[in-house]
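The following note sets out several points on the model shown below. Each may be checked against the coordinates.

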Amino acid sequence: ITEKSIRRTSLSKSHSKGKDDLVLQYVVNNSLREHPILTKLRLRTLEDPWSIMMVASEQAQLMANLIKLINGTKAIEIGMYTGYNALSMALAMPENGCVVACEIDDNYVNIAKPFFKEPSIKCYDLIAAGEAGTYDFVFIDADKSNYDGYYEKSLELIRKGGIIAIDNVLWSGKVVNPASDDVTSQTLDALNKKLHKDQRIELSMLTVGDGLTIAIKR
């Protein structure tokens with residue numbers, strides 16, 4: 001497998017590298033139903049130099065639809081960035097729904113705050129608080145070196161039939177024969193291979209955005 005053949009694989013987001021992808025833009029133009037508040041947050045996020053980290057709107061809508069499909073009312077996002085996907089998940093839930101969004105960078109939290117009605121900022125251990133097995137959906141999109149740990153904790157926190165969505169699992173195609181000095185690609189490749197064998201879940205890996213894994217707890 002050559003680097004050129006890997007690059008031919010469509011791994012892009014509609015707001016970044018996918019802006020010139022006519023097929024991807026067709027998909028967005030004919031399927032995206034973006035809430036006005038999400039549009040405002042997306043446009044604000046595009047002003048940030050690291051806006052490439054934002055979850056693509058088409059991917060966020062897919063996950064919102066999954067939450068609706070399983071009648072989800074409790075979700076976690078590990079690695080919120082400016083909150084686009086967290087807000088998308090919240091909008092997919094009923095009034096009594098709850099999204100726990102985790103972000104360590106206060107600058108990003110401050111961008112997100114104006115777009116959330118009365119956000120509550122807390123810091124506590126969900127498992128120690130007795131919430132294991134009570135969540136419907138978890139989205140992992142934080143530091144790749146800790147993905148395996150996030151996955152295991154998420155598996156504890158979600159209920160049977162709940163969904164764990166893991167972002168960036170294809171890492172621009174670099175997970176295919178990772179370079180010897182590319183620790184991030186090696187880490188993601190190891191996790192992908194682990195999940196493939198993990199009998200605790202049902203599994204699909206999608207070429208959405210930069211690669212999205214959907215794991216359903218058995």
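Is Cys98 buried, partly exposed or exposed? The points below begin with that residue.

1. Cys98 is partly exposed, its relative accessible area being 32%; Cys102 falls in that class too, at 33%. Here buried denotes under 20% relative accessible area, exposed over 50%, and partly exposed the range in between, with a 1.4 Å probe and protein chains only.

2. The model is predicted: local features require pLDDT of at least 70 and side-chain atom pairs pLDDT 80 or more, while totals for chains, interfaces and linings use all residues. Residues are numbered from 1 along each chain as its sequence is written, and side-chain values rest on heavy atoms, without hydrogens or water.

3. Zero disulfides are found in the whole structure, a disulfide being a pair of cysteine sulfur atoms within 2.5 Å. For Cys98, the closest cysteine sulfur belongs to Cys102 and lies 11 Å away, which is too far for a bond.

4. An open sheet is built from six strands in the order 2-1-3-4-6-5, with mixed pairing. Strands are DSSP runs of E of at least two residues, helices runs of H or I of at least four, both numbered from the N terminus; two strands pair if DSSP finds at least two bridges between them. Strand 2 (98-102) and strand 5 (201-206) are the edge strands, each pairing on one side only.

5. Strand 1 (residues 74-78) runs parallel to strand 2, and five bridges join them. Within this pairing, Ile76 has Val100 of strand 2 as its bridge partner.

6. One cavity of 30 Å³ or more is present in the whole structure. On a 1 Å grid over the protein atoms alone, a cavity is a set of points where a 1.4 Å probe fits but cannot get out, and a pocket is an open set with protein on both sides within 12 Å along at least five of seven lines; lining residues have an atom within 4 Å of a point. The largest cavity holds about 50 Å³ of space, and its lining includes Met54, Glu77, Tyr81 and Asp141.

Technical notes: Grid points are joined across faces, edges and corners, and a volume is the space filled by probe spheres set on the points.
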